[in-house]
Every structure is written in structure tokens, then in C-alpha cells.
Amino acid sequence: MSGGESRTELLQWLNDVLHVNYTKVEQCGTGAAYCQIMDSIYGDVPMSKVKMNARQEYEYLNNFKVLQNVFKAKKIDKPIPVDKLVKCKMQDNLEFLQWIRRYWEQMYGGQPYDAIARRKGQPGEPAAPASSRLTSSSSARPTARATSAARGTSPEIVLQLQTQVRELQTNMEGLEKERDFYFGKLRDIEILVQQQADALAAEGKDDDVLKEIQKILYSTEEGFEVPEGAEGEGEVVGDEEETF
């Protein structure tokens, strides 16, 4: 296998193995398909932890965590460029999908594989990346609302608006979870950096790299204000003051 398979060939293979209906290589950026391809080889991937129709980046990251654990358990040296793949860009996912197929062809033993049963009824249809959904919905909704207002009754319009509000609430909840996920990571980094800086200070030493990291962590943009209700998170704990 040359590794230069077309997108059409790769998608056909992926859909045949997993019994899904992927139409774009970019949809592999959720990580779900990569996890199940590995499951088709080994049969022991914890598919209950894989979200097949992931919609938010924090869900993609969870899927890739499963994939990374599989690679570690099987002693696969191939690096997984998670930060690039989760952006759902075609080229990055095309290259990784080509590698996944080559690996599958080398390792798959030809055993029967029930993809639908292994994902325990989860829908095989991949969700559109969040950025694509927001772009398409924001461009389409004004036209839909204008059409509804022109020909729909008041109850119909109210129902449509209520549906749109629910969609926005769902998107907001997802964004808040993603925000909290990354905030937690930054907080862990801040604590580790502070601990190391304190240890060096006790020895009468310092580290320019740590200072630069702290400078980045504590920098703010002009006009930035702490959101209402977050003041408690910035209270002094011991001798340390949070600045996020």
C-alpha cells in the first residue's frame, strides 16, 4: 500500500469496516472512528468510553485519550497529533487515516467484526464539527426565521424560537464544559510552576523559563474583567493569588 489513497477510497474502506456513513475525512477529527478501527483489530477497546457522535472538542479529547491508551497498551510508537486532529482539518486527518489503514492492513486478522454491536447501539453517523455547525446554523437561521414569519402562524413561530433557544442552551453548556476543562489544565500548570519557583527561591535560585511561563499565565488583555461570580476563584489561598 503506497499510503497515497484518495479520500474516496479511505472513506469507502472506513464505512465498510465500521458500518458508518462518513462523508468527509474531517469527521475523523472526533477520534471515534480511529478508536473503533483499533477495536476491529484487537477487540478490546473500551468502546463504552468512546462517544461516536461527539459534538464538542472536549468530547473529541476524551476519545483521543482512549486512543492514546490503546497505543500505549499495544506499544505502538506512532505519535498521535491530537492538537491538530481535533481541529477537524482535512490534511491532518487524511495523513493519520492513511496511517491507520496501513496499520489495519498489517494487523487485522480477518476475524468477523460486528461494529454496530461493539459500539452498543451508538449512532454511527458522525456529528458535524462544532465550528461547522455554528457556521451553517448562523447562516441558515435568519432565512428560516424570515420564511416562518412570512408564512407561519404565531404558535409555530413560538415553537421554532423555543427550539432555537434550547439549541443555544445546549451549545452554551458544551462551551462551558470545554472552558472548565481547559481552565483546570491551566490551573494545574500554574500550581506546578509556582511550586517549582518556590523550591528554587528557597535555594536562592530562579529560572528564566519559569518566569516567562508565569508571565504568560498572569497576563491579561486590556479591558479584561473577571466575570461576575468568579471573584471567589481569585481569592488569596495562602500566599498565592489566582489571576484567572
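Colleague: Which residues does the "coiled-coil region" annotation cover?

Modeller: According to the unreviewed UniProt entry, the annotation "coiled-coil region" covers residues 158–185, and please keep in mind that the structure we are looking at is a predicted model.

Colleague: What does the chain look like over residues 158–185?

Modeller: Over that stretch the chain is 100% helix and 0% strand, with its end C-alpha atoms 41 Å apart. Helix 8 itself takes in residues 154–202, which makes 49 residues, and from first C-alpha to last it reaches 70 Å, close to the expected 72 Å.

Colleague: Changing topic, which residues touch the most other members of the largest nonpolar core?

Modeller: That core has 44 residues, and the ones touching the most other members are L14, Y34, M38 and L67. The elements giving two or more residues to this core are helices 1, 2, 3, 4 and 5.

Colleague: What is M38 in contact with, leaving aside its neighbours within four places in sequence?

Modeller: M38 is in contact with G43, V45, L67, V70, F71, I76, I100 and Y103.

Colleague: Last one: how many disulfides are there?

Modeller: The count comes to 0 disulfides. C28 is in no disulfide, and because the sulfur of C88 is 9.2 Å from the closest cysteine sulfur, in C28, it is too far for a bond.

Colleague: Are C28 and C88 buried or exposed?

Modeller: C28 counts as buried, at 0% relative accessibility, and C88 is also buried, with a relative accessible area of 11%.

Notes:
Residues are numbered from 1 along each chain as its sequence is written. This is a predicted model: local features need pLDDT of at least 70, side-chain atom pairs count only at pLDDT 80 or more; totals for chains, interfaces and linings use all residues. Side-chain values use heavy atoms; hydrogens and water are left out. A nonpolar core is a set of buried Ala, Val, Leu, Ile, Met, Phe, Trp, Tyr and Cys residues joined through side-chain atoms within 4.5 Å. Buried means under 20% relative accessible area, exposed over 50%, partly exposed in between (1.4 Å probe, protein chains only). Helices (H or I, at least four residues) and strands (E, at least two) are DSSP runs, numbered from the N terminus. Contact means heavy atoms within 4.5 Å. UniProt positions are given in the numbering used here, feature names are shortened, and annotations may be inferred rather than shown by experiment. The expected span of a helix is 1.5 Å times one less than its number of residues. A disulfide is a pair of cysteine sulfur atoms within 2.5 Å.
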